Number of protein chains: 2
Amino acid sequence: MSFERSGAVVALAGGVGGARLVDGLDRALPDGALSVVVNTGDDFRHWGLHISPDLDTIMYTLAGLAPEERGWGIEGDTFEVLEERKRRGDAGWFQLGDRDLATHLSRTAALAGGESMTDVTELLSRSLSVSRRLLPMSDQPRPTLVVTKGGETLEFQQWLVRTQASLPVAAIEHAGDAKATPEVLDALERAELVVLCPSNPYVSIDPILSLEGVREAVLNKPTLGVSPIVRGSAVKGPLATMIPELSGKEPSARAVAEHYGELLDAFVVQDGDRFDAAFRVFETNILIRKREDRVRLASELLQLAAEIR
Amino acid sequence: MSFERSGAVVALAGGVGGARLVDGLDRALPDGALSVVVNTGDDFRHWGLHISPDLDTIMYTLAGLAPEERGWGIEGDTFEVLEERKRRGDAGWFQLGDRDLATHLSRTAALAGGESMTDVTELLSRSLSVSRRLLPMSDQPRPTLVVTKGGETLEFQQWLVRTQASLPVAAIEHAGDAKATPEVLDALERAELVVLCPSNPYVSIDPILSLEGVREAVLNKPTLGVSPIVRGSAVKGPLATMIPELSGKEPSARAVAEHYGELLDAFVVQDGDRFDAAFRVFETNILIRKREDRVRLASELLQLAAEIR
């Protein structure tokens with residue numbers, strides 16, 4: 001097995017698909033070999049708390065706490081605080097479980113105490129016995145904004161959860177003057193392989209690539225992507241409708257690969273989704289709801305990466 | 001019945017004893033006749049949240065949500081968030097229930113949004129269907145500090161809950177340059193009767209009296225106190241040991257009355273606790289755990305107040 005050196009593999013990841021592949025890579029690689037750069041463009045404040053949906057999904061998945069079906073929160077969580085808030089008039093549009101809330105309370109208090117997102121993430125990971133290195137893409141806010149065809153501009157979670165992704169999208173914007181952290185740039189610099197996880201390219205991976213220096217760093221490294229589209233549908237989330245809205249193309253693995261363009265040295269798609277390209281397109285089963293499938297796919301990726309290196 | 005005019009009665013109140021008498025006065029008086037000035041000297045931050053123990057106890061009591069035995073929180077509350085925090089290393093010294101947490105989250109977010117304690121308290125009261133007028137003594141911090149005989153200075157809740165009131169007390173200090181709110185001063189100005197609830201004089205009532213203008217306002221009004229000491233013991237809390245530590249006297253109703261001194265026009269004590277004084281001392285049953293006893297005592301107080309007026 002290659003890629004055993006400390007920090008050999010850097011995964012760029014967003015929501016559920018990213019979390020599942022990261023979980024597979026985590027198990028397929030020796031301790032220390034994997035660093036994960038996580039999208040914080042979805043971060044927002046709710047109930048006065050700092051919520052980081054993608055960091056939480058990945059932490060909970062690595063800790064074995066994520067539900068198998070639902071794309072958020074902790075399996076078996078209760079909703080006592082939310083129910084009380086709803087009794088007192090809260091609209092309840094964002095579901096916050098009680099155990100999940102413990103995370104947001106810790107994060108918010110630590111940030112208010114002057115700690116960085118990077119440090120807080122390490123602290124939270126440790127409290128959940130997650131030893132893998134999770135790096136928020138930035139220590140500063142970089143909110144992903146959805147500009148709708150109706151001309152509204154919404155925070156991503158407002159659009160995704162509150163409007164249930166019902167408003168057609170005209171553009172995605174990355175707001176705020178944030179920088180990639182030194183830890184992120186250093187991890188990319190030392191990487192032997194970059195993996196673009198099967199996350200939404202527009203709202204999970206692009207926010208990371210939009211930070212100064214990141215796109216160039218990825219371009220310099222062997223880079224392998226995994227399709228978030230399977231047979232024309234998104235495994236999870238609103239991507240299948242965003243692709244035609246934002247690119248004018250049909251939703252397909254190819255459309256995602258074309259979006260990444262010159263960054264890719266190989267792209268992994270579902271059996272039957274192969275297309276012709278200047279880089280290698282590898283077919284396999286990329287549906288990884290179950291943990292054994294995650295590890296199997298991760299091993300295949302590492303094998304493929306060793307071949308293209 | 002006298003004292004029916006809007007704002008006729010102002011109660012100064014702290015923890016559980018205060019909450020129970022306020023509950024009785026609330027029921028014995030017509031809508032609008034009672035205003036309650038509440039100690040916020042116990043307020044502190046925990047988990048990054050602004051917690052107001054005395055306001056919460058009074059709100060929950062008036063809402064019928066307070067436990068009959070336990071002196072804090074909401075009856076039948078769950079502790080999912082706390083248990084999760086403890087699993088992740090929280091010391092768990094301060095018990096926060098899930099429904100209770102909904103209160104602290106709302107308060108903290110509203111304060112962070114620039115609302116005053118007075119406005120936030122009205123908002124929270126309304127969300128709990130408490131129509132009675134609860135006035136935090138100040139919109140600014142006025143922490144009660146416990147100076148121990150060992151020379152340590154502790155925030156009140158740290159001393160009370162974390163050390164379980166185990167460290168002997170040398171002095172109580174009221175820190176911060178806070179002012180009574182205009183609403184508090186106005187309520188006292190318009191009052192026909194002031195009631196000093198059966199709360200701890202040192203850490204529940206004195207913090208209110210310590211604010212500029214409050215002591216003078218109370219002195220100008222017919223004022224009636226209720227003893228928090230029954231047959232030498234405190235009904236709840238650490239008062240019975242604080243009296244000898246702070247005054248050198250035995251714990252008794254008389255010691256509390258002497259502490260208030262010239263403020264009192266009458267003092268209500270438990271049957272058998274009567275003493276000689278320059279003001280009227282009235283004996284009755286002042287144990288008011290049950291709601292019917294609260295209303296009965298409140299009615300007796302109002303009758304007595306009408307006589308001394």
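Two strands count as paired when DSSP finds at least two bridges between them; strands (E, at least two residues) and helices (H or I, at least four) are DSSP runs, numbered from the N terminus. This is a predicted model, where local features need pLDDT of at least 70, side-chain atom pairs count only at pLDDT 80 or more, and totals for chains, interfaces and linings use all residues. Residues are numbered from 1 along each chain as its sequence is written, while chains are lettered from A and ligands numbered from 1 in the order in which they are written.

**Stop one: the sheet.** Pick chain B and show its open sheet of seven strands, ordered β5-β2-β1-β9-β10-β13-β14 with parallel pairing. At the edges you'll find β5 (133-136) and β14 (280-284) of chain B, each pairing on one side only.

**Stop two: β2 and β5.** Select 34-38 of chain B: that's β2, joined to the parallel β5(B) by four bridges. Look for B:Val37, opposite B:Leu135 in β5(B).

Contact here means C-beta atoms, placed from the backbone, within 7 Å.

**Stop four: α4 and α5.** Select 98-112 and 117-127 of chain B; the two helix axes come within 10 Å and cross at roughly 145°. On the α4(B) side, contact residues are B:Thr103, B:Ser106, B:Arg107, B:Ala110 and B:Leu111, facing B:Val120, B:Leu123 and B:Leu124 of α5(B).

Methods: Axes fitted to C-alpha atoms, helices over the stretch in contact; angles between N-to-C directions. Contact = placed C-beta atoms within 7 Å.
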